[in-house]
Amino acid sequence: MNELLLCCNNPILIKSLYGVLRDDGYSIELVDHPALAVQSALKRRYYAVILDSESIGLSAEEAAHIIKNFYPDMPIIIAGDAKYSSDALTVERPVDIEEIKKLIRNVHN
């Protein structure tokens, strides 16, 4: 299973992450709002979920918390500025693509 869910509405971050992760062999589903990420994660199990912390409405941390309630073992990576109280992994800004790739490779090991 190599499907990732990428929740982001920042075109620069999408362009940076999408191509690199696809080239690494991941299949990526893209949504632009954390509420849609929650809906998608409840319908399908992903290898990992990447949430952009700059969201409108439902926050990335709230979305991570909801997803973890249903799938405690599903890795969640939040691209943002601070550590969160949820057990999501965090990549601080500016987002380091290599760091995200490393986290994704290591989440199930």
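A residue counts as buried when its relative accessible area is under 20%. By that cut-off, Lys68 is buried, because its relative accessible area is 14%. The model is predicted. Its protein chain has 109 residues, and 44% of them are buried. The secondary structure comes to four helices and five strands.

**Overall layout**

- Read from the N terminus, the elements follow the order β-α-β-α-β-α-β-β-α.
- The chain exposes about 5,700 Å². Carbon and sulfur atoms supply 52% of that area.
- Take the contacts between residues at least 6 apart in sequence. Of these, 60% join residues at least 24 apart.

**Helices α2 and α3**

- Helix α2 covers residues 34-43. Helix α3 covers residues 60-70.
- The axes of α2 and α3 come within 9 Å and cross at roughly 15 degrees.
- Angles under 35 degrees count as roughly parallel. The helices α2 and α3 are therefore roughly parallel to each other.
- The crossing of α2 and α3 is right-handed.
- From α2, the contact takes in Pro34, Ala37, Val38, Ala41 and Leu42. From α3 come Ala60, Ala63, Ile66, Ile67 and Phe70.
- By class, this contact of α2 with α3 has 10 nonpolar residues, no polar ones and no charged ones.

**Helices α1 and α4**

- Helix α1 spans residues 11-23, and helix α4 spans residues 97-106.
- Their axes come within 10 Å. The crossing angle is roughly 45 degrees.
- That makes α1 and α4 oblique to each other. Their crossing is right-handed.
- On the α1 side, the residues in contact are Ser16, Leu17, Val20 and Leu21. They meet Ile97, Ile100, Lys101 and Ile104 of α4.
- By class, the contact of α1 with α4 has six nonpolar residues, one polar and one charged.

**Residues in the helices**

- Lys68 sits in helix α3. Leaving aside neighbours within four places in sequence, Lys68 is in contact with Asp73, Met74, Pro75, Ile76 and Asp87.
- Arg22 belongs to helix α1. Arg22 is partly exposed, with a relative accessible area of 45%.
- Arg22 and Leu4 are 18 residues apart along the chain. Their C-alpha atoms are separated by 9.6 Å.

**Residues in strand β2**

- Strand β2 runs over residues 27-31 and includes Val31. Glu29 also lies in β2.
- Val31 is buried, with a relative accessible area of 10%. Glu29 counts as partly exposed, at 24% relative accessibility.
- Val31 and Leu6 are 25 residues apart along the chain, and their C-alpha atoms are separated by 6.3 Å.
- Glu29 and Leu5 are 24 residues apart in sequence. In space they are 4.9 Å apart, C-alpha to C-alpha.
- Not counting residues up to four places away in sequence, Val31 touches Leu5, Leu6, Cys7, Cys8, Leu36, Ala37 and Ser40. Ala37 is also one of the α2 residues in the contact with α3.
- With the sequence neighbours up to four places away left out again, Glu29 touches Leu4, Leu5, Leu6, Ser40, Arg44 and Tyr46.

**Asp52 in strand β3**

- Asp52 has its place in strand β3, which covers residues 48-52.
- Asp52 is buried, with a relative accessible area of 3%.
- Not counting residues up to four places away in sequence, Asp52 touches Cys7, Cys8, Asn9, Asn10, Leu13, Ala60, Ala79 and Arg93.

Note on methods:
Residues are numbered from 1 along each chain as its sequence is written. This is a predicted model: local features need pLDDT of at least 70, side-chain atom pairs count only at pLDDT 80 or more; totals for chains, interfaces and linings use all residues. Side-chain values use heavy atoms; hydrogens and water are left out. Axes are lines fitted to C-alpha atoms, for helices over the stretch in contact, and angles run from 0 to 180 degrees between N-to-C directions. Helices (H or I, at least four residues) and strands (E, at least two) are DSSP runs, numbered from the N terminus. Angles under 35 degrees count as roughly parallel, over 145 as roughly antiparallel, 65 to 115 as roughly perpendicular and the rest as oblique. A crossing is left-handed if the near helix is turned anticlockwise from the far one by less than a right angle, and right-handed if clockwise. Contact means heavy atoms within 4.5 Å. Ala, Val, Leu, Ile, Met, Phe, Trp, Tyr, Cys and Pro count as nonpolar, Asp, Glu, Lys and Arg as charged, and the others, Gly among them, as polar. Buried means under 20% relative accessible area, exposed over 50%, partly exposed in between (1.4 Å probe, protein chains only). Accessible areas come from the Shrake-Rupley method with a 1.4 Å probe; for residues, only the protein chains shown count as cover.
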